[in-house]
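Hi,

Here is the structure I promised to pass on. Please look it over; my notes follow below.

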Amino acid sequence: MLTEFELQALWLSLKVALRSVAFALPFAVVAAYILARKRFPGKVLFDGVIHLPLALPPVLVGYLLLLTFGIRGPLGGWLYDAFGLRLAFTSVGASIATAVMSFPLMVRAIRLSIEAIDLGLERAAATLGASPLDRLITITLPLMLPGVLSGCVVAFAASLGEFGAVITFVSNIPGETQTLPLAIYAAVQNPDGDAAAARLAALSLVLALSGLIISEVIARRARRMLGGAADE
Amino acid sequence: MTMIDLDIRKRLGDFALDVSFSIPGHGVTALFGRSGAGKTSVIAAIAGLLRPDEGHIRVAGRTLFDARVGADVPIHRRRVGYVFQDGRLFPHLSVRDNLLYGYRRSPLRNRRITMEEVVALLGVAPLLERRPRDLSGGEKQRVAIGRALLAQPEVLLMDEPFASLDAPRKREILPYLERLRDELRLPIVYVSHAIEEVVRLANQVVVLDAGRVAATGTPEQLGERLDLRPLLGEFESGAIIDAQVTAFDSQFELSTLAFEGGVLRVPGRAGDLGALVRVRVRARDVSLALEKPAAISVQNIFAGAVEEVFEDSGAYAELKLRVSGTRFLSRVTRESVSRLGLVLGAQVYLLVKSVSLDHETVSTVPGRANGGLRHGD
């Protein structure tokens with residue numbers, strides 16, 4: 001049903017997006033917790049830096065990544081010399097680019113769920129003998145789970161669709177960095193590529209729709225598990 | 001031994017809290033006062049949820065806070081059970097896991113109160129596998145009380161646990177609290193602005209007004225203090241009389257209660273024969289007459305003398321009356337005081353309708369432990 005080329009782009013897209021979510025999640029949880037709970041001088045600046053990828057042109061983000069993580073960049077050079085790790089023009093690099101682009105979306109979703117947690121519950125846990133770390137693990141983290149899940153879904157969807165940052169940082173290499181949107185772009189550039197572009201577009205559409213449906217089902221189940229108002 | 005020794009000061013914006021009291025031994029202490037008097041702030045300070053600016057807090061000989069030496073035990077090491085006004089059950093845990101949350105964190109050597117005891121005491125066995133969202137308000141509060149008890153506290157603090165409940169739910173939980181008081185010898189500090197609850201449960205009362213202690217004493221002592229009347233806006237004044245059940249008339253369903261100065265007849269079965277009960281006779285239910293009325297439906301008529309007259313600015317006056325060794329309060333119009341010539345020392349007859357003494361005003365006497373669970377001897 002799908003050609004080898006299409007399967008390759010589909011598989012690569014899923015791989016890049018999944019890895020991107022995995023990269024971003026730990027940092028996003030910490031950043032969201034700091035933004036929701038902590039007060040410190042320079043918080044506005046911190047908030048601004050985290051949201052920067054939303055405001056910058058994706059091409060610019062890709063270019064900055066290339067400057068930093070490129071083989072001659074300060075971090076990229078060190079990674080290559082020390083570990084033989086190359087990010088530019090690789091699928092790992094593609095995941096980094098999509099992680100950076102989707103990071104603010106993930107942080108926002110998680111932050112909202114932390115802000116919605118009644119601080120009184122953590123105080124109640126404290127009177128019952130739970131230390132601050134204990135409270136974080138047994139009360140706060142489970143209660144922010146719906147936000148973590150929806151943050152992951154949003155970030156995953158955004159990663160599937162990311163174009164500008166990816167093509168600038170890791171280029172458009174079939175089998176390595178050519179995700180679905182990049183494959184569509186390549187097909188459209190080709191004078192005979194209309195049919196291929198249409199098939200890829202349909203594939204993207206099905207992928208996006210099923211992702212959204214699955215995420216809604218998961219979110220509902222999570223809310224019910226946490227005793228929320230899923231069916232009220 | 002002094003159970004709670006507290007002396008704290010705290011500024012909260014325009015509000016200044018300056019409270020000092022000590023509570024001896026076990027039993028229920030009510031913190032009573034209008035909303036905004038600082039009741040919740042006091043128990044929040046005991047629990048460590050509010051940090052005083054100055055002063056000290058000691059519970060069962062242990063210093064939890066002392067500003068002078070910089071002592072401030074973290075909340076989770078205070079061993080203070082806290083029942084919040086809104087319950088605060090953990091929504092992601094079952095009732096069983098809510099109940100066991102504190103128990104699992106308590107050191108083995110402190111475990112005196114067991115799950116089985118709490119489940120039986122509070123009647124929560126059918127709820128154990130449910131989630132908090134599937135519980136009624138009264139059920140939630142019972143679970144919250146059980147959860148606090150199972151954390152093996154040295155003192156139980158309750159912040160108006162009935163404020164969010166309607167009257168039938170209150171009636172459902174009050175007996176559980178009476179059992180807590182009598183069966184677990186655990187000191188309880190109870191915040192309330194409902195005098196009915198305070199009288200029913202409390203051994204001693206601390207009256208707070210605008211962040212300060214206005215009076216302390218037993219419910220009986222405070223109930224007789226007419227000078228506290230303007231302060232306790234919501235205070236439905238009345239006399240508190242401890243009596244013994246001496247007879248039950250099954251034909252007319254009336255109990256006879258003996259007290260120092262006479263007998264009271266009250267509807268229904270007030271308790272087993274010989275049981276000690278506490279009766280609250282509301283001031284507005286006591287009428288006064290200069291001659292002993294004959295042929296009248298009122299069952300309870302006592303001869304007494306006027307001890308004190310307190311006239312407020314409105315239409316009413318309140319009188320303290322002595323019937324042998326017992327004091328009653330009566331609320332009548334100022335016009336009646338003037339017409340009947342009710343001055344200090346005047347001899348009068350007190351008329352108390354039996355129907356005014358119902359299950360809301362007759363309860364078992366606090367502090368009569370009768371075996372069962374023991375805590376912290």
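Contact here means heavy atoms within 4.5 Å. This is a predicted model, where local features need pLDDT of at least 70, side-chain atom pairs count only at pLDDT 80 or more, and totals for chains, interfaces and linings use all residues. Residues are numbered from 1 along each chain as its sequence is written, chains are lettered from A in the order in which they are written, and side-chain values use heavy atoms, without hydrogens and water.

The interface: 19 residues of chain B are in contact with 24 residues of chain A. The two chains bury about 2,000 Å² between them, 62% of it on carbon and sulfur atoms. (Buried area is the accessible area, 1.4 Å probe, lost on putting two parts together, summed over both.) His76(B), His92(B) and Arg133(B) supply 33% of what chain B buries against chain A, more than any other three residues.

The rule finds 1 salt bridge across the interface. A salt bridge needs a side-chain nitrogen of Lys or Arg within 4 Å of a carboxyl oxygen of Asp or Glu. Arg105(B) and Asp134(A) meet in a salt bridge through their side chains, at 2.6 Å, N to O.

Strands are DSSP runs of E, at least two residues, numbered from the N terminus; two strands pair if DSSP finds at least two bridges between them. Leu208(B) has Val213(B) as its bridge partner in β11(B). The hairpin has 2 residues between its strands, and Ala210(B) in the turn has a positive phi of about 50 degrees.

Best wishes

Key: Helix = DSSP H or I, 4+ residues; strand = E, 2+ residues; numbered from the N terminus.
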